[in-house]
Amino acid sequence: MQPVAPTNKYSIKYYPEAIERWTREGNYFYFYAREIVLEIRVISDRIIRFRYTPEGRFQRDFSYAVSPDIRESIIFLDVQEDAQYIVLLTQQLQVKVDREHLLITILDREGRLINQDEKGFHWQYYIQKGGKIVYCSKYIQPDECFYGLGDKPTDFNLRGKRLENFGMDRYGYGWNVDPLYKNIPFYYGLHHGIGYGIFFDNTFRTIFDFGLERADVCSFWARGGEMCYYFIYGPALMDVAAQYTWLTGLPELPPLWSLGYHQSRWSYYPDIRVKEVATEFRKRKIPCDVIHLDIDYMDGFRCFTFHPQGFSDPAGLMRELANMGFKVVAIIDPGIKADPQYFVYQQGLEGDYFCKRGDGALMEGDVWPGRCVFPDFTHPRVRQWWGRLCKHLTDVGIRGVWNDMNEPAVFEIGTFPEDVRHDYDGDPCSHRKAHNVYGHLMSKATADGLTRFLMPRRPFVITRSCYAGAQRWTSVWTGDNTASWEHLYIASIQCLRLSISGISFAGSDIGGFIGEPTPELYVRWLQMATFHVFMRTHSASNETGFQQEPWSFGQRNEFIARKFIRLRYRLLPYLYTTFWQYHTYGFPMLRPLMFMSQDDPATYDRVEEFMLGDHLLVSPVREAASKEKEVYLPRGKWYHIWNGKLFDGQQLVKVATPLSQIPLFVRAGAVMPYFPPMEYVPDRLQFAEMTLEVYYAEQKVESILYEDEGDGYGYRAGQYRLVKFETIGQSHQLHISRKIQGAFQPAYTQYYVVCHGLPFAPIEYVVDGMSYKLTARQSSSKVVSIRVPADFQELIIR
């Protein structure tokens, strides 16, 4: 190792020397440069792990992020050598290891440069805290863009930024505040049309510099642990996203009702107030599936209890709400009140389940209940115990749990002191290493318990803090935002960034958690959130008494809110299908434009629009008194959903933005499935007719519809149906074909098909060879509306 000045041993950065030897063990390669060892593991032809140690031996190979289900999938693997490099070859990549300095250069098989070390791996002693600070630096390529890193409230393109992962409670955070709640050490690079990703799997505090310190260098480092990162090759950004989600774990399908509208407040108290809110939703015919209970439902903020007066009969309350079509989600924090009479505290002491300081004393801190202790969720026995505690909620009818304050947050001191000890699944450590996975493992324990006690129904979990891979068991929200136009914009960026960081099931507190939104701000926020995966209004209205339900802003705004929440419910089959794609392939549900038009540089910094799934393009209105907005449409043709006008892509278009509308476009050729109007998702979908909105295009376009019971696990045994629609438009006809896969049989027997944008005057339609004349009622200007059997295979309109 060659030190670089200054000469103080503990401020020197050390760099690898020349490779002395290398070995191969199957798909593992080891390169030895004195005591520095590089391990390269080839996981697939596109995913390579790089792992370094400066000590001659590696730490335990363990990850809370990487899915336990991953298996190597390598089509081709070979090695070549010359005087300068040892080159690993896969079907897609060339990985060149420099013999002189252990530097890495990655190219595609055609020789195009993808990623190149600058100084590569290096390290220094961390004398103040122990261990080592590990670094990796890489060259930034010309015009390279960077994306990802979870919930950062900053520019979507991270070029020129320095950002940090160390989960913190940030009440009322603003633009560029960092770090926030979540810890997702994964980013994308894009240059010359080539996309790749780097996942730095290290749970210590991690820092990423995308050219702030040196304009031509991207670097990342951690204040402890190993330099262990995964390189993921696209070249399509969508493929990078899918492979990262596969690596860190594909999500389970959620219960369909969890994709409906959620209503929350800090706090609905007492139980009669909860029933009043539920009754008001049904009276006003505003769809809603879920009511959330914030901390005041508990007995003195003691987790897994109910207030003896305010919620004296929780099981009865849940039955009443269930009869009205509501599910209930209850908040649970990690802080356990230090009360000798409290059963959770008693069990935790008896089982030695609570975190301790370095000298053996319990970790104590103040949160909502007062003096609290905190479970060590890095211990598997503690996670099992916590999961068992969830039975106290499910036994009374709670259907989901909301984990908050789990960064972990502690009043006055912010979070745990660094000397707090953790088990870390058998590899004891300080809080420095465990901090970023504390909330992650709390939500996992919660999900495991709910899965067990709700079986055969699916659980719903939402968490404020997490680490990479949390999508396997939880949804998230963006934390304590404020009622401002800036925060509407931040929420749009955060949900989009979380989606491409593996966590699509994300949303924000509609209207803002802190403060009082204007009617216009609330409506515009709700319009945007209609197209986010998690949709919840939540507010700290106990502070002011302000009401933040959809009917709180006057009759006109209630009408618009109802319209959009109803649209959300009609779009549920499309949203659920998009979730199935996420669950099956790892594709993000919200997609920035550069993910859809990677060869179009005009999209690289666009954040005014996003795609929901394959076919819907949304552009939130983020300014007060907006009358019109410029929207960039990617390649293809697009229908304005409100007036049916057809636009060419790869251009900016101006569209009107009356308060009753949000810029919303659908891809030409799409088949969009719609549920009939409903006020909540029933236990069984028994409607007789599904609507298909079809948008004419000349080219062939495929659309899919995924269906199952919407709850339970029958889909794992084949009880699902995947419907593939294909549309092909010609000058004189529109051809729609339908193919199915799977054994599930939905209740509906008929499609109501509405065809838009026909460039000809149709006179008939043909269903599986049977011809029917169109009536004047069925056909109007460029639109045809007909009913056909739900088992049709071919439909022609001509």
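**Note on the predicted model: strands, charges, cysteines and rings**

1. Strands S13 and S15 run antiparallel and are joined by four bridges, where strands (E, at least two residues) and helices (H or I, at least four) are DSSP runs numbered from the N terminus, and two strands pair if DSSP finds at least two bridges between them. Strands of a sheet pair through backbone hydrogen bonds, either parallel or antiparallel. In this pair, cysteine 145 stands opposite leucine 190 in S15.

2. Residues are numbered from 1 along each chain as its sequence is written, and side-chain values use heavy atoms, with hydrogens and water left out.

3. S13 and S15 belong to an open sheet of eight strands, which has the order S3-S4-S5-S6-S19-S16-S15-S13 and antiparallel pairing. At its edges are strand S3 (21-25) and S13, each of which pairs on one side only. Neighbouring strands of this sheet are turned by 20 degrees against each other on average, direction ignored, with axes taken as lines fitted to C-alpha atoms (for helices over the stretch in contact) and angles running from 0 to 180 degrees between N-to-C directions.

4. How many disulfides does a search of the whole structure find? The search finds zero, a disulfide being a pair of cysteine sulfur atoms within 2.5 Å. For cysteine 145, the closest cysteine sulfur is that of cysteine 218, which at 13 Å is too far for a bond. Cysteine 218 is in no disulfide either, since the nearest cysteine sulfur to it, that of cysteine 136, is 8.6 Å away. Cysteine 145 is buried at 5% relative accessibility, and cysteine 218 is buried at 2%; buried means under 20% relative accessible area, exposed over 50%, and partly exposed in between (1.4 Å probe, protein chains only).

5. Side chains of opposite charge can pair when their charged atoms come close. The structure holds 55 salt bridges, each a side-chain nitrogen of Lys or Arg within 4 Å of a carboxyl oxygen of Asp or Glu. One of them joins aspartate 151 to lysine 182, with the closest N and O atoms 3.8 Å apart. Aspartate 151 lies in the loop between strand S13 (145-148) and strand S14 (162-165), and lysine 182 in the loop between S14 and strand S15 (186-191), so the pair ties together parts that are 31 residues apart in sequence. Aspartate 151 is buried, with a relative accessible area of 0%, and lysine 182 is buried as well, at 1%.

6. Another salt bridge brings together glutamate 707 and arginine 721, whose closest N and O atoms are 3.1 Å apart. This pair links distant parts of the chain, because glutamate 707 is in strand S44 (residues 701-707) and arginine 721 in strand S45 (residues 721-729), 14 residues apart. Glutamate 707 is buried at 7% relative accessible area, and arginine 721 is buried at 4%.

7. Elsewhere, a network of salt bridges links Glu39, Arg49, Arg51, Asp61 and Glu226.

8. A search of the whole structure finds 72 aromatic pairs, in which rings of Phe, Tyr and Trp (its six-membered ring) have centres within 6.5 Å, with planes under 30 degrees apart counted as stacked, over 60 as edge-to-face and the rest as tilted. The rings of phenylalanine 725 and tyrosine 751 have centres 6.2 Å apart and planes at 75 degrees, so this pair is edge-to-face. Phenylalanine 725 lies in strand S45 and tyrosine 751 in strand S47 (residues 750-756), so the pair ties together parts 26 residues apart in sequence. Both phenylalanine 725 and tyrosine 751 are buried.

9. The rings of tyrosine 765 and tyrosine 772, by contrast, are stacked, because their centres are 5.2 Å apart and their planes at 20 degrees. Tyrosine 765 is buried at 9% relative accessible area, whereas tyrosine 772 is partly exposed at 37%. One aromatic cluster includes Phe304, Tyr345, Trp385, Trp386 and Tyr438.

Key
This is a predicted model: local features need pLDDT of at least 70, side-chain atom pairs count only at pLDDT 80 or more; totals for chains, interfaces and linings use all residues.
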